Amino acid sequence: MTLGEAEVGSTVVVSKIDGDGAYKRRIMDMGITKGSELYIRKVAPLGDPVEITVRGYELSVRKNDAQCVEVKVVN
C-alpha cells in the first residue's frame with residue numbers, strides 16, 4: 001500500500017521509497033525515511049495534499065509524492 005492510499009487516522013510505517021536519487025533525497029529530507037512512523041491526520045477534499053505527522057511535526061505531502069512511499073499499517 002502507498003501513503004496516498006492509507007486511511008485517515010491510521011498509523012503506518014514506511015517500508016520503501018520509490019523514485020530516482022534526487023527525488024528520494026527530497027522525500028527523506030522531509031523526515032520520511034524507511035522505518036519511520038507516520039500518522040495520517042487529514043486528506044484535502046480533492047485528495048491532494050495529504051497531511052501527516054512525522055517525527056513530531058506536521059507535514060503536507062502532494063498526492064503524487066505520497067504515491068512513491070510504500071507503507072505498512074501498524075494499527
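**Surface.** I first looked up the accessible surface of the chain, which comes to about 4400 Å², with 51% of that belonging to carbon and sulfur atoms. Accessible areas come from the Shrake-Rupley method with a 1.4 Å probe, and for residues only the protein chains shown count as cover.

**Basis.** I note that this is a predicted model, in which local features need pLDDT of at least 70, side-chain atom pairs count only at pLDDT 80 or more, and totals for chains, interfaces and linings use all residues. Residues are numbered from 1 along each chain as its sequence is written, and side-chain values use heavy atoms, with hydrogens and water left out.

**Burial.** I find that 37% of the 75 residues of the chain count as buried (under 20% relative accessible area, 1.4 Å probe, protein chains only).

**Fold.** I recorded two helices and five strands (DSSP runs: H or I of at least four residues for helices, E of at least two for strands). Along the sequence I read the pattern β-α-β-β-β-α-β. The radius of gyration is 11 Å, close to the 11 Å of the globule rule for 75 residues, so the chain is as compact as a globular protein of that length (taken over C-alpha atoms; the rule is 2.2 Å times the number of residues to the power 0.38).

**Contacts.** Among contacts between residues at least 6 apart in sequence, I note that 58% join residues at least 24 apart (contact: heavy atoms within 4.5 Å).

**Record.** I looked up UniProt, where an unreviewed entry places "domain: Ferrous iron transporter FeoA-like" at residues 1–73; such annotations may be inferred rather than shown by experiment. Over residues 1–73 I find 18% helix and 40% strand, with the end C-alpha atoms 9 Å apart.

Methods: Buried means under 20% relative accessible area, exposed over 50%, partly exposed in between (1.4 Å probe, protein chains only).
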